[in-house]
Amino acid sequence: MNLFQTFRVAFRSLWANKLRSALAMLGIVIGVAAVIAIMSIGSTFKGQIAGEFNKFGAGSLFVMPGGGEGLASISPVSTLTFEDEKEIAKQQGVEMAGGMVQLALPFKVVGLEKPVTGMILGANEHFETLRSWAVEKGRFYTKAENESKAKVVVVGTTMAKKLFGEGTDPLGRSVELQGDKLEVIGVLKEQTMNAGQDMNQIAILPIDYISTKMQITRPSMIIVRYTSPAEAKAGKVGLEKLLEDRHGEKDFTVQSQEELLSAFGKILDQLALFIGAVAGIALLVGGIGIMNIMLVSVKERTREIGVRKAIGARPSDILLQFLVEAAALSLVGGAIGIALGLGGAAAASVALAWSFVPSYQAVGLAVGFSTAVGIFFGFYPAWSASRLPAVEALRYE
């Protein structure tokens, strides 16, 4: 019997026991689908994060509270000051610098009719350039408006719609923040979702106004843009020395765009590895299920094995037949798992308005691993079948 005939016989045998075959494949399907979905969502999320950081430009550095290395060292309590921002802006090669205040809890921004909860962000006049968030209607506030604590606001598209309704021009309209009336002077161009968060439900206010209003004395982050990536690389050491001299200790972290992306990537990779290991347990259970089903199949087909041996089948032919059946179970289960995993990850990306990035590495890994599981767990039943003496097999009832 050639290999093609072996595969045909194997699939015919599996099709004859559809329910049993489906139950045997279930663990493989779940494990493969979970691995592919998790790794594909991780790849999509990393692409989304990379896109957001790329908006800052390659010549940007990020100054955050907390000493040490990596994201884990960043402190929730700011150690930075607004004076730090002013001194940083004077350094050689610095094009602009801007501190940011992101309120930890949502505040009510009240429009003409009803309150709307959104993210309140305080930033200086450079934020539009630093963040690469273009204003679609109206304008961004100026340096003079920031320094004079002008009561103006730039809103995202979702915020504008919720405040004033669909199709209404928000420019020149008033909103209220804790008793203060603010004039809407600009509407941001629509942004993509970021980590499941609607970045269009946002209100950006002059940092001097919001920090005074909310009695905030420290920025949560300072973004520094240099005139070129080379200047940023060279200026990092000088920037760290400046802040260490000012603070008397290294209670801050300065990272480049590449370093932040690498840190996020490591966290996501570790998370995917952990969840992938859990999904691997499902593959292991699926492999045990395949072995059990194949042992039952060998028992049921003992007389068939005897007949085949009596007419000249070699032990290697019997071994190959049952190995192919086990591998076929894993491959079919793996194919279904791949379809479900990619479909689930794509659906999640659409729901979050992300650009879907499938993990082809995960697909290759899943196909290889599922096949290996089938062969590994199918070997013992196949070996048992090949070792059956022809006479005893023929006498089996």
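Tutor: Let's start with what counts as touching: two residues are in contact when they have heavy atoms within 4.5 Å. Helices (H or I, at least four residues) and strands (E, at least two) are DSSP runs, numbered from the N terminus. What you're looking at is a predicted model, where local features need pLDDT of at least 70 and side-chain atom pairs count only at pLDDT 80 or more, while totals for chains, interfaces and linings use all residues. Residues are numbered from 1 along each chain as its sequence is written, and side-chain values use heavy atoms, with hydrogens and water left out.

Now the packing spot. On the α3 side, Glu 83, Asp 84, Glu 87 and Ile 88 come up against Leu 239, Leu 242, Leu 243, Arg 246 and His 247 of α8. Sorted by type, the residues of this contact are 4 nonpolar, 1 polar and 4 charged (Ala, Val, Leu, Ile, Met, Phe, Trp, Tyr, Cys and Pro are nonpolar; Asp, Glu, Lys and Arg are charged; the others, Gly among them, are polar). Helix α3 covers residues 82–89 and α8 covers 229–247; the angle between them is about 140° and their axes are 11 Å apart. Those axes are lines fitted to C-alpha atoms over the stretch in contact, and the angle, on a 0 to 180 degrees scale, is taken between N-to-C directions. The crossing of α3 past α8 is right-handed, that is, the near helix is turned clockwise from the far one by less than a right angle.

Ser 211 sits in helix α7 and is buried, at 9% relative accessible area (buried is under 20%, exposed over 50%, partly exposed in between, with a 1.4 Å probe and protein chains only). Its side chain reaches the backbone oxygen of Asp 208 at 3.3 Å. That's a polar contact: N or O atoms within 3.5 Å, one able to donate a hydrogen and the other to accept it, with sequence neighbours counting only if both atoms are side-chain atoms.

Asp 208 also turns up among the residues touched by Asn 146, along with Ala 123, Asn 124, Glu 125, Pro 206 and Ile 207. Asn 146 belongs to helix α5 (residues 143–147) and is buried too, at 5%. A polar atom of the Asn 146 side chain lies 3.1 Å from the backbone nitrogen of Ile 207.

Gln 215 is exposed, at 72%, and has a positive phi near 55°. Most residues other than glycine have a negative phi.

Stepping back, the chain has 13 helices and 11 strands, and buried residues make up 47% of its 397 residues. The largest nonpolar core has 28 residues, with Val 32, Ile 36, Phe 322 and Leu 329 making the most contacts inside it. A core here is a set of buried Ala, Val, Leu, Ile, Met, Phe, Trp, Tyr and Cys residues joined through side-chain atoms within 4.5 Å. Two or more residues each come from α2 (18–54), α9 (257–300), α11 (315–351) and α12 (360–386). Another core, of 23 residues, lies apart from that one and includes Met 119, Tyr 141, Leu 188 and Ile 202.

Notes:
Lists of a residue's contacts leave out its neighbours within four places in sequence.
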